[in-house]
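Open the model in your viewer and keep the selection tool at hand. Each stop below gives a selection and says what is there.

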Amino acid sequence: MTAQTQTPEPTHLDTDTQDTQRQLIVILDFGSQYSELIARRIRETEVYSEVLSYRTSAADLERLNPKGIILSGGPNSVYDENAPQCDPDIWQLGIPILGVCYGMQLMVQQLGGSVERAELAEYGKAALHIDDPTDLLTNVEQGSTMWMSHGDSVTHLPDGFEILAHTDNTPNAAIANHEQQIYGVQFHPEVVHSVGGQALVRNFVYHICDCEPTWTTAAFVEESIREIRARVGDKRVLLALSGGVDSSTLAFLLHRAIGDNLTCMFIDQGFMRKYEPERLVKLFRDQFHIPVEYVNARDRFLEKLVGVTDPEEKRRHIGHEFIRVFEEESRRLGPFDYLAQGTLYPDVIESADSNVDPKTGERVAVKIKSHHNVGGLPEDLQFKLIEPLRKLFKDEVRNLGRSIGLPEEIVRRHPFPGPGLAIRILGEVTAERLKILRDADYIVRQEINRHGIYHDFWQAFAVLLPIRSVGVMGDQRTYAYPIVLRFVSSEDGMTADWSRVDYDFIELISNRIVNEVAGVNRVVYDVTSKPPGTIEWE
């Protein structure tokens with residue numbers, strides 16, 4: 001989503017009032033860890049995309065009138081007893097379809113071909129030998145590296161299909177039925193490891209689906225303001241302001257749309273980083289001239305987490321208490337009709353239970369975590385929710401923020417979880433542990449800023465483990481906590497790699513923490529990527 005063109009584009013998929021002229025690519029999710037990434041790659045072509053459940057019927061898809069459909073990969077084999085299946089009627093819709101990995105195998109199976117366990121599974125990089133360089137593989141270079149992750153392979157093509165490309169281990173790495181515009185690839189073009197993968201995506205979006213680049217920042221701003229004004233009218237909106245790029249961008253957008261009908265409220269739950277609450281309130285009031293109501297609720301939040309060790313329970317407790325505080329404060333300031341939240345599209349997907357098979361109860365796409373602004377809302381919520389950013393990815397929010405005047409220091413701020421430091425303390429959250437982590441994290445932020453490397457990382461932070469180990473400080477035995485340093489690089493937060501930081505720099509931070517933060521005698525560095533780990537520890 002960029003700011004070049006001015007064509008308006010809807011901000012969300014409305015299955016009841018979908019504009020039949022919209023440029024839309026639908027991704028049917030079969031549980032792949034990369035489904036969101038497919039959507040992002042399509043949006044990078046300035047065409048709107050959404051991830052829907054694999055159970056979406058052909059009739060519903062026809063009513064949405066997408067320009068194209070992509071079947072994602074997934075962890076299953078097509079021969080598993082409860083393997084997820086798409087509605088077979090989709091092949092008769094006349095809409096271009098691209099199957100990726102499992103999606104290709106399911107396509108082949110449903111259309112009369114054969115899929116079998118491969119003699120040699122392929123995981124990782126493989127050279128793509130192109131047999132037909134036209135159509136889907138236009139401008140994809142011969143021998144391009146593609147990312148493979150499969151144990152099954154297509155052994156017999158359905159009628160009307162032909163081979164577009166192969167690898168050393170996979171004779172049917174890319175296939176096509178040109179007449180029906182149905183395509184399949186055994187590799188993952190959406191991942192950064194696939195050289196030429198984005199060229200393939202562009203071929204599908206532009207040349208096969210005949211889309212136009214209408215998904216732009218300017219279009220989103222225009223349409224969002226129009227929708228917000230139409231929905232809110234002269235009602236009042238209460239915004240849960242956290243100071244991150246998401247809620248700050250939303251504050252700017254809402255203020256532009258409804259002006260004084262917006263009230264921003266910052267709830268200081270006691271889990272923010274050192275000095276951040278004070279700086280946030282001053283910035284919005286004095287520089288942005290957007291009024292902010294400050295509420296100190298540190299004690300009540302900490303009380304809610306007494307004895308709580310499970311990370312999901314922490315999120316739920318914090319989420320519920322957030323809403324309760326907003327309800328109480330809104331009655332004092334209100335009345336308000338709407339609660340605005342900076343929920344993003346990955347939050348919605350990761351928090352969804354939509355991919356639970358209704359017959360078996362098995363989950364196809366595993367729920368990674370609940371987000372306090374999605375999964376933690378109580379059933380008796382007293383507000384109507386308004387979430388204008390819920391269809392955007394993080395990079396799209398940053399572009400949006402820049403376009404409406406948000407300062408770069410907020411636009412490029414490292415992502416910070418809604419529950420804050422509470423989920424960077426493993427185990428029970430206590431006042432003592434909060435102080436230790438807050439001081440350690442402040443040293444990390446000081447040093448990466450002082451060395452001018454803040455923007456070298458997607459995130460860089462400290463984690464406190466709820467264990468103690470023996471140490472020696474000043475000829476005395478200590479029994480104190482360890483701090484984990486977590487520095488990662490990423491494009492979107494969906495996958496991430498641990499950052500290869502200079503050892504001298506790590507040593508500098510370690511020495512400062514053990515010398516300046518009481519209660520810490522050991523510092524370790526996390527060298528785990530995502531997957532298999534997550535960026536946050538909880």
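Start at the end of a helix. Select Gly233: this residue follows H5, and its phi is positive, near 65 degrees. Helices here are DSSP runs of H or I with at least four residues, strands are E runs of at least two, and both are numbered from the N terminus.

Before going on, some ground rules. This is a predicted model, in which local features need pLDDT of at least 70, side-chain atom pairs count only at pLDDT 80 or more, and totals for chains, interfaces and linings use all residues. Residues are numbered from 1 along each chain as its sequence is written, and side-chain values use heavy atoms, with hydrogens and water left out.

**Helix H5**

Select residues 217-232. This is H5, with 16 residues. From first C-alpha to last, H5 reaches 22 Å, close to the 22 Å expected at 1.5 Å a residue. The expected span is 1.5 Å times one less than the number of residues.

Now colour by accessibility. Buried means under 20% relative accessible area, exposed means over 50%, and partly exposed lies in between (1.4 Å probe, protein chains only). The buried residues of H5 include Phe220, Val221, Ile225, Ile228 and Val232. Glu223 and Ser224 are buried too. What covers them? Show strand S11 (237-240), H6, strand S14 (338-340), strand S15 (384-386) and helix H11 (394-403), which are among the elements covering the buried residues of H5.

Select residues 262-268. Seven of the seven residues of S12 are buried, so this strand is largely enclosed by the rest of the structure. Look at one side: Leu262, Cys264, Phe266 and Asp268. Turn to the other: Thr263, Met265 and Ile267.

Leu239 stands opposite Cys264 in S12. With H6 shown as well, S11, H6 and S12 make a right-handed β-α-β unit. Right-handed means that, with the strands pointing away from the viewer, the path from the first strand over the helix to the second runs clockwise.

S13 (residues 292-296) pairs with S12 in the parallel sense over five bridges. Cys264 stands opposite Val292 in S13.

Stop at the loop between H7 and S13, where His289 sits. Its phi is positive, about 60 degrees, although His289 is not a glycine. Is His289 buried or exposed? It is exposed, with a relative accessible area of 58%.

**The eight-stranded sheet**

Show the open sheet with the order S2-S1-S3-S4-S10-S9-S8-S6; its pairing is mixed. Strand S2 (48-53) and strand S6 (129-130) stand at the edges, each with a single partner strand, so one side of each has no neighbour in the sheet. S6 runs antiparallel to strand S8 (residues 162-166), joined by two bridges. Ile130 has Ala165 in S8 as its bridge partner.

Select helix H1 (residues 35-43). H1 packs on the sheet and touches strand S1 (24-29), S2 and strand S3 (68-71) (contact: heavy atoms within 4.5 Å). Its direction makes about 160 degrees with that of S2. Axes are lines fitted to C-alpha atoms, for helices over the stretch in contact, and angles run from 0 to 180 degrees between N-to-C directions.

Move to Glu46 in the loop between H1 and S2. This residue also has a positive phi, near 65 degrees. At 14% relative accessibility, Glu46 counts as buried.

**The cores**

Select Ile483, Phe487 and Ile513. Of the 118 residues in the largest nonpolar core, these touch the most other members. Such a core is a set of buried Ala, Val, Leu, Ile, Met, Phe, Trp, Tyr and Cys residues joined through side-chain atoms within 4.5 Å. Helix H6 (residues 245-258) gives the largest share of this core, eight residues. Apart from it lies another core of 41 residues, including Ile70, Val100, Cys101 and Met494.

**Last stop**

A cis peptide bond joins Lys530 and Pro531, with omega about -10 degrees. Another joins Pro531 and Pro532, with omega about 10 degrees.

Terms used
Pairing = 2+ DSSP bridges.
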